[in-house]
Amino acid sequence: MRAPVESGQKRPTSNPSLLAWVDEMAKMCKPDRVYWCDGSPEEKQRLTEEAVAGGVLIPLDQKKLPGCYFHHSNPNDVARVEHLTFICTPTKEEAGPTNNWMAPQEAYHKLAAIYDGAMKGRTLYVVPYVMGPARSPFAKVGIELTDSVYVALNMGIMTRMGKVALDRLGPTSAEFNKGLHSVADCNPERRFICHFPQDNTIWSVGSGYGGNALLGKKCLALRIASYLAKNEGWLAEHMLILEAESPTGEKRYVAGAFPSACGKTNFAMMIPPKAFQGWKIRTVGDDIAWMRVGEDGRLWAVNPEYGYFGVAPGTNRKTNPNAMDTIKKDTLYTNVARTKDGDVWWEGMDGEVPAELIDWKGQPWKKGSAEKAAHPNSRFTAPVQNNPALSPSYDDPKGVPIDAIIFGGRRSTTVPLVLQSFDWKHGVYLGATMGSETTAAATGAVGVVRRDPMAMLPFCGYDMGSYLRHWLDMEKRIPKPPKVFLVNWFRKSQDGKFLWPGYGDNMRVLKWMLDRCQGAVGAQETALGFTPKAGDLDVRGLEHADIAGATRIDLGEWAGELESQTEWFQKIGKTLPRELEQQRQDLLAKVKAA
Ligand code: GTP
Ligand code: SPV
Ligand code: MN
């Protein structure tokens, strides 16, 4: 038995594995109709009209923001839900101590009961998509079945969606990620995001938001992909990819892992300060990097995504002009505030705060209100082609060669502006012990320091100790490894002000790191790594910065920091690579002796 296909639509594939799976899932979810997405512009227009008619999307001012729509999610569904996210491997050990685990059979059983009939009265959208440049050997095909037209439209922006994916899959291959998604009744009590790495399967139910629901993104491109990467000898990471072209036309690439809402999109779209005239910074990716060792012995990265699902608050013409230009057209806005005449607004937007707004929940809002008008995790979904600083290499099937890997957390104390690791192993240690204050990108308390190794704590699809072992092992696989750095844009003074202006001025730190890769600039060796000494950072034209305060290393604070890492290493448990604990002890001894 299969649900009737939308009237007149011929199923666009004869792939028997795909057809059988879609039929099986439809039989369980019982949608009124099944619609196969082709990814065409006509289809996008049709689905948008359907979403507007159903109240899922609200048109914004089409003169000012052509092709832009507003969506407000259920107020109980505004961020990723880490406590409801599960890795479903045969043994608990495979998921490791930092992931929630459920036995695969139990998870299938539990979720099947929720999916049963959940799509009655709704359409099941079949969304075929490719992660990665379509012709790239890196690329992976996924199929997401969803009952949310909002999710289908977002996937149309965030991935290479439709016919391109069915063409890549071909008529017989069973090698595709099987993603099933239903908003069901959007009840947090019946919300589960389950990953079955061994089955290349994702079941997500009860949420329509971001990383919970756009299955190509965190679920496939990080959790499932990190599991594959470990087995196949590559890296799937929560990293931006940036292209830096020098005034002499030399292009170099860096990859950077900062936790959720800690600056990846901003860094990847940065506009250098005036003193750096002639430098061009372009975006290859802003959230995810898949990296493999090339024939030349270097590490090569592709961005599997095709759009940006970016944080709105804090984005303005001064902090991120490229993002502001990117989101002027064909953009979906989720949980931002609006003006009565159909413009968008959020905290940190340029200009005066409007006297009156419609807040993210659709309620009237007045200037001076204690409540935020936009949700702190409100987002824009925009196609990469809108980005004026898009690198042409974003679609290069072979990717781009990485010179430097940058780890960076949000730390108001202790961690200096920039630190270069002594070597690969020490770099892995810096990534593994990275701490960051939590943000609104996930539900739960905000501003609490937690360890977020390589910004992958919520996204690693297997045991954390084995993941860190994989990072250490990569050294043997990469004959010409990137240099590794730790940065912190978020250090604060006693009175709570940022010591470093951040944003475009981060170019000054990027330049130092690029020069360090070529041995073209000085540094001082400290107990913890190399830092720029006075005069090494190019600070021409820099205002409002406390450079000494931002770059300072306080050995007392560091002794405490290193000691507090014991708890984290104990949590990782018996699979923690011994080398990392050794690094910690050696550093602590050095810090105490200094
Ligand atoms: P995800 O999409 O959640 O993975 O986030 P992201 O890492 O891409 O973070 P994003 O660039 O969107 O920045 C998140 C927040 O941090 C925004 O409010 C930014 O304005 C702010 N931010 C980004 N870079 C800097 C910086 O250099 N300094 C300061 N102070 N804030 C920054
Ligand atoms: C993040 O939280 O790291 C994001 C947003 O990029 S989400 O897609 O919801 O994961
Ligand atoms: Mn992210």
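**Tour of the two ligand sites**

Select helix 9 first: with 3 residues, helix 9 gives the most to the shell around ligand 1. This is a predicted model, where local features need pLDDT of at least 70, side-chain atom pairs count only at pLDDT 80 or more, and totals for chains, interfaces and linings use all residues. Residues are numbered from 1 along each chain as its sequence is written, chains are lettered from A and ligands numbered from 1 in the order in which they are written, and side-chain values use heavy atoms, leaving out hydrogens and water.

Next, show the 22 residues that surround ligand 1 (one heavy atom within 4 Å). The closest are Ala261, Lys264, Asn266, Arg379 and Tyr503. Pick Asn266: a polar atom of its side chain is 2.8 Å from an oxygen atom of ligand 1. At Pro313, a backbone N or O atom lies 2.8 Å from an oxygen atom of ligand 1. Helix 9 (264-268) and strand 18 (307-311) are the elements giving two or more residues to this shell (DSSP runs, numbered from the N terminus: helices are H or I of at least four residues, strands E of at least two).

Move to ligand 2. Colour domain 1 (5-55 + 79-232) and domain 2 (237-305 + 391-553): both give residues to the shell around ligand 2, so it lies between them. The domain bounds come from an automatic or database domain assignment. Select Ser260, where a side-chain N or O atom is 2.5 Å from an oxygen atom of ligand 2. Then select Gly211, with a backbone N or O atom 2.8 Å from an oxygen atom of ligand 2.

Notes. A polar contact is a pair of N or O atoms within 3.5 Å; within protein, one must be able to donate a hydrogen and the other to accept it, and residues adjacent in sequence count only if both atoms are side-chain atoms.
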